[in-house]
Amino acid sequence: MARHGLTRPTGEIHRERPPDHFDHDRWRKALFTGSLSLCLKILEDQFVSPSTGRLTLTRKGGLEVVAQEVARAAGTPVIPGSGIKGAVRTVYELLSFSCDPFSRSCDAHACCDACSLFGVLGRSGRVSFNDARPAKDGSVRVEVREVPMPYPPPRLECDVCLYDLQKIQQRNGDRKTLAREVFLGTFETRMTFWNVTPEELGRLLLCMGFGTAESTRFFLRLGGVKYDGKGAVTVLPRQLVLASPSRNTLQGDALKRELDGWIQTARDSEWAKTFWPKLEEVAGLLRGAA
Amino acid sequence: MSKSQVEIVNNASLLATDLQGAEVESKSAFLSIVGSFMSDPTGDIKRLRHMMTLLDKGSGGHLDRGAGFGEQARAVIREVGRLLDRGEWQPDELKSVFGWTARLLQVRLPPRRKGPPEPSGGQAPHHQGKRQPTKPLGGLSGKNLDVLKSIQPPKPDDEKS
């Protein structure tokens, strides 16, 4: 395991009053409103484990065991949408001149890049994620795994901390383990967006690991046990439904062309001049090259 | 439910006091153990008891967790076990007791602590710590507080007269 501290390129946070047309109840023709269905495919040697913080009585190999419980909605395995949004926002904050959301330095009248798109206290965001549910019946299974006991990580002077895909190093050669429920398989979710510019959509897709080039593609990290290199998922687009600027439903090649167009808009923007090298650094880390 | 709300709150208050006396510093460890029972529609008390027994024997390795969780979990198992030993609880009553207990653990300061906890590194600066109750039942409020006050045991002077 390695926990990496990353810092943004030097620059000031620009806070602006979000224009009135960013209100969620009015769709502007010049901007994009719609939803993008996404497939979250957990890698072969990986799992995702969004914990509830509770302990539960479950079974492992025919024996009863007390394990940390994973999230479910009415008994169905889910990855909470709030967790997906948080994972994407973290990368988006790193790749923009944005505030530390815990500092409460932005408000409804003065928002940085990330607060404008993802929301801040008093102003709803323009992007949301549904809870991810199994792609089809039987596509997700729940297992109980022994995971290494976490310990307080060292403090790093940085803007954002990310974990790579390496397993945790043994300390003193005697690491204890915890029983934890985990998910394996494929989930589906939907990202909904309102009044978003093509550049913002392109940056959003890049922050989910959608890069058109190998150097900007990576695995999004969801759930717990990231300290042991777990939680990596491949995010794949399935269907785009646009309500604005024109009604349209795109799949397959047409969908790929549309998304590539948004990413290219971001690539050609002023933002890329500052942040593209940092995006490649993040992608290298989360792809496992580090 | 056969128990009145006052009995439930009184039991919750006693349980919270016992837990805090046993160094359970917040509701986290408590809810991690009783949370699955509280969200289970059937409210299987035997299952809760069985889970606590396995946990106490070391199942899953959770008692080896650091940051004081293990000690707090042992205290929760002991004190909740005592409550269950009385064998007088319906599932809904027990859920209500646990809900009130969690609330009291959140709003009451542990008896031995003199001030709000030191903010730990990396935590959000807006966290203000727990509020200090000014009265013995400061964690409770509103109608239930009035009811509880009215059932306080009579003072020794009253007994003499």
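The report below covers the interface, the nonpolar cores and the salt bridges.

This is a predicted model, in which local features need pLDDT of at least 70 and side-chain atom pairs count only at pLDDT 80 or more, while totals for chains, interfaces and linings use all residues. Residues are numbered from 1 along each chain as its sequence is written, chains are lettered from A in the order in which they are written, and side-chain values use heavy atoms, with hydrogens and water left out.

**Interface**

In chain A, 19 residues are in contact with 23 residues of chain B (contact: heavy atoms within 4.5 Å). The two chains bury about 1,700 Å² between them, 60% of it on carbon and sulfur atoms. Buried area is the accessible area (1.4 Å probe) that two parts lose on being put together, summed over both. Leu55(A), Leu57(A) and Val66(A) supply 38% of the area that chain A buries against chain B, more than any other three residues.

Between chain A and chain B there are zero salt bridges. A salt bridge here is a side-chain nitrogen of Lys or Arg within 4 Å of a carboxyl oxygen of Asp or Glu.

**Cores**

A nonpolar core is a set of buried Ala, Val, Leu, Ile, Met, Phe, Trp, Tyr and Cys residues joined through side-chain atoms within 4.5 Å. Buried means under 20% relative accessible area, exposed over 50%, partly exposed in between (1.4 Å probe, protein chains only). The largest core has 66 residues. Met191(A) is one of those with the most contacts inside it. Among the residues that Met191(A) touches are Leu36(A), Phe129(A) and Met208(A). Another core, of 36 residues, lies apart from the largest one and includes Leu57(A), Val80(B), Leu83(B) and Leu104(B).

**Salt bridges**

Over all chains, the structure holds 20 salt bridges.

| Pair | Closest N to O |
|---|---|
| Glu69(A) and Arg54(A) | 3.4 Å |
| Asp260(A) and Lys256(A) | 2.9 Å |

Glu69(A) lies in strand β4 of chain A and Arg54(A) in strand β3, so the pair ties together parts 15 residues apart in sequence. Strands (E, at least two residues) and helices (H or I, at least four) are DSSP runs, numbered from the N terminus. Glu69(A) is buried, at 12% relative accessible area. Arg54(A) is partly exposed, at 28%.

Asp260(A) and Lys256(A) both lie in helix α4 of chain A, four residues apart. Lys273(A) and Glu270(A) are both exposed. Asp113(A), Glu199(A) and Arg203(A) are linked in a network of salt bridges.

Definitions and conventions
Lists of a residue's contacts leave out its neighbours within four places in sequence.
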